[in-house]
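Here is a short briefing on aromatic rings and how they pair. Look at the sequence and the model first, then read on.

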Amino acid sequence: ELIRSVLGESYPTLEGYLFPETYYVTRASGARGLIKQMVGKFKEKFSKIDLRSDTAVSLTPRQVVILASIVEKETAAPEERPVISSVFHNRLKKNMRLQTDPTVIYGIWEKTGEWDRNISRQDLITPTPYNTYTINGLPPGPIANPGKAALEATANPSRTKEIFFVA
């Protein structure tokens, strides 16, 4: 009910739609007020993004948010995001798996409620709906709340032929 009322969609969580920003709230705002602010800021920022790039794979708005959340978690450097996005778009075009560690970590965290170690080879082969080493395409939902740079990079990736990057 809360998700539909603030987002206008019925998703299992608001993951991906709580825009990372500094918010000013009062005690009277409450959790619902803060959520409305965060989703409102997401909608404002997302509405200004051009989703018609000729270098990007054709994605629905939901898929843009999912992929942008992965781009967000892959690097903290905004200038790297368009290239990382390009790698993921190139992999999707070739029907290759995304094979990105943050989705593995998220999938295990979602399943167990904890993550407090380094990723292992066993983690990479442990199936979860989010493990992009074991599933094709995008996971079922966002793994983080992407910022403006990740959303823009996902909608308008760099023009490369790269299918790998090294973190």
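Buried means under 20% relative accessible area, exposed means over 50%, and partly exposed lies in between, with a 1.4 Å probe and protein chains only. This is a predicted model: local features need pLDDT of at least 70, side-chain atom pairs count only at pLDDT 80 or more, and totals for chains, interfaces and linings use all residues. Residues are numbered from 1 along each chain as its sequence is written, and side-chain values use heavy atoms, leaving out hydrogens and water.

**Ring pairs**
- Rings of Phe, Tyr and Trp (its six-membered ring) pair if their centres lie within 6.5 Å; planes under 30 degrees apart are stacked, over 60 edge-to-face, and the rest tilted.
- The structure holds six aromatic pairs.
- One of them is Phe42 and Phe46, a stacked pair with 5.3 Å centre to centre and 20° between the planes.
- These two sit four residues apart in helix 2 (residues 30-47), so about one helical turn separates Phe42 and Phe46.
- Helices here are DSSP runs (H or I, at least four residues), numbered from the N terminus.
- Phe42 is buried at 4% relative accessible area, and Phe46 is buried at 14%.

- Tyr106 is buried at 11%, whereas Trp109 is partly exposed at 41%.

**A cluster**
- Tyr11, Tyr17, Phe42 and Phe46 are linked into a cluster by ring pairs.
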